[in-house]
Amino acid sequence: MDNVEEQIKAIEIGMAKTPYHKATQKWFGKMRAKIAKLRAQQADRQVKKGGGGGGGFGLKKFGDATVVLVGFPSVGKSTLLNKLTNANSPTAEYAFTTVSVIPGMMNYSPPRYMSSGEVVNDYNGAQIQILDVPGLIEGAARGAGRGREVLSVVRSADLLLIIGEAGKEKEEFRRIANELYENGVRINEIRPQVVVHKTLRGGIKINFTRPQELLCETIAEVAKEFGIVNAEIILKENSTMERLIDAFATNRVYVPALYLVNKVDKQQGKQVAYLDHLEGGTDSPPGVIRISAEKEIGLDELREAVWNQLRLVRVYLRSTESLSGHLEGGSTKIEPLIMHEGQKLKDVLATVSREMVQDKKAAKIWGPGARFPGQTVSFETQIQDGMEVTFI
Ligand SMILES: Nc1nc2c(ncn2[C@@H]2O[C@H](COP(=O)(O)OP(=O)(O)OP(=O)(O)O)[C@@H](O)[C@H]2O)c(=O)[nH]1
Ligand SMILES: [Mg+2]
């Protein structure tokens, strides 16, 4: 155990001995903040030891989004990667078959249902990069195996697929979620709604738009521990101690995740138990998808869920010369631009051509988002999946 680990232990022992109430809350805040800082320090050092940035695997992100497979050894991560992508990652019965990051590319977009009733498939969908990483094990952050590097890949993901083995999934999900949490990865959580305006003098002032459970002096103490001396702090949520510390800590990432249960084919004889589990499964996280990577069960549902979670949006360019329906029917190859939810037409324009930006004054849109076909709108219009556009 290194020195930092010992310091953390000592603080934890102190906290375990102290009852938590209003009078000790401020002290608890300070101790929790100290631990958060020590953990960040520890993580930093591990990364340096691993040599260089990029987490040691030296991997580049490609495509429209990056999805990372997370799960204990032998849960079937590589098998799943091979089914979803063009990759060929070795699989085997023993643990730690995969020892570095194996990338694969999944080309996917869901079919679109047109107002005419027609179903249209894209000629080319989104390029979704999927990364198969070595099985995550506990204590990874403290330097076990290549855990630190795995964590750095996880931190850069747009979406995590957390995989558990059928029958053991609850325990595995719990342990993985725990390990990720300990390492600053927040799953399916929104960023703390805490705003800090640094000021030149006047100490720490606290304002809130929601009633707070935490005392103002606790909030100020935590802020001080993170080196904030003069600031206005505005809390827009009823904060907990955890989320308050997250707001100040520098190494937190917020990543969406889907939970997968793999190898459901092994459970086919236990159909009843499986149904029970589904109906009464209150302790399973929401949005669990049951699959068999090997037998290819549930993979279509999975692809669609991945698409939905990534919040990708397809925009189709129409050329001014052929405004009438080459998109519906016909044999034209339809290739969408892959954009992101919340983007606007100006982002589409910037993607298409930087030179065009000057010349164009407005856009015409069809389909989703258009009040009528060919509606003229401004560049500030938010895009929607399936929107067709031409710039004029
Ligand atoms: N029955 C069944 N077996 C599976 C399924 N998916 C994977 N397996 C088997 O489980 C074993 C482990 O699969 P891998 O894909 O190598 O697992 P991994 O998660 O990549 O393992 P590591 O690389 O060691 O972390 C192999 O023997 C696979 O054939 C499945 O859906 N059903
Ligand atoms: Mg593997």
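Select A92 together with ligand 1, where a backbone N or O atom of A92 lies 3.1 Å from an oxygen atom of the ligand, a polar contact in the sense of a pair of N or O atoms within 3.5 Å. On its own, ligand 1 has 650 Å² of accessible area, and the protein covers 91% of that (Shrake-Rupley method, 1.4 Å probe).

This is a predicted model, in which local features need pLDDT of at least 70 and side-chain atom pairs count only at pLDDT 80 or more, while totals for chains, interfaces and linings use all residues. Residues are numbered from 1 along each chain as its sequence is written, chains are lettered from A and ligands numbered from 1 in the order in which they are written, and side-chain values use heavy atoms, with hydrogens and water left out.

Next, select the 23 residues around ligand 1, of which T79, F96, T98, D265 and E294 come nearest (a heavy atom within 4 Å). This shell divides into 7 nonpolar, 10 polar and 6 charged residues, with Gly counted among the polar ones. Helix α3, residues 77–84, gives the most to the shell, with 3 residues (helices are DSSP runs of H or I, at least four residues).

Finally, select residues 216–225 and 241–248, helices α6 and α7, whose axes come within 10 Å and cross at roughly 35° (lines fitted to C-alpha atoms over the stretch in contact, with angles from 0 to 180 degrees between N-to-C directions). Here T218, I219, V222 and A223 in α6 meet M241, L244, I245 and F248 in α7 (heavy atoms within 4.5 Å), and the residues of this contact divide into 7 nonpolar, 1 polar and no charged.

Note on methods
Helix = DSSP H or I, 4+ residues; strand = E, 2+ residues; numbered from the N terminus. Polar contact = N/O pair within 3.5 Å; in protein donor to acceptor, adjacent residues only side chain to side chain.
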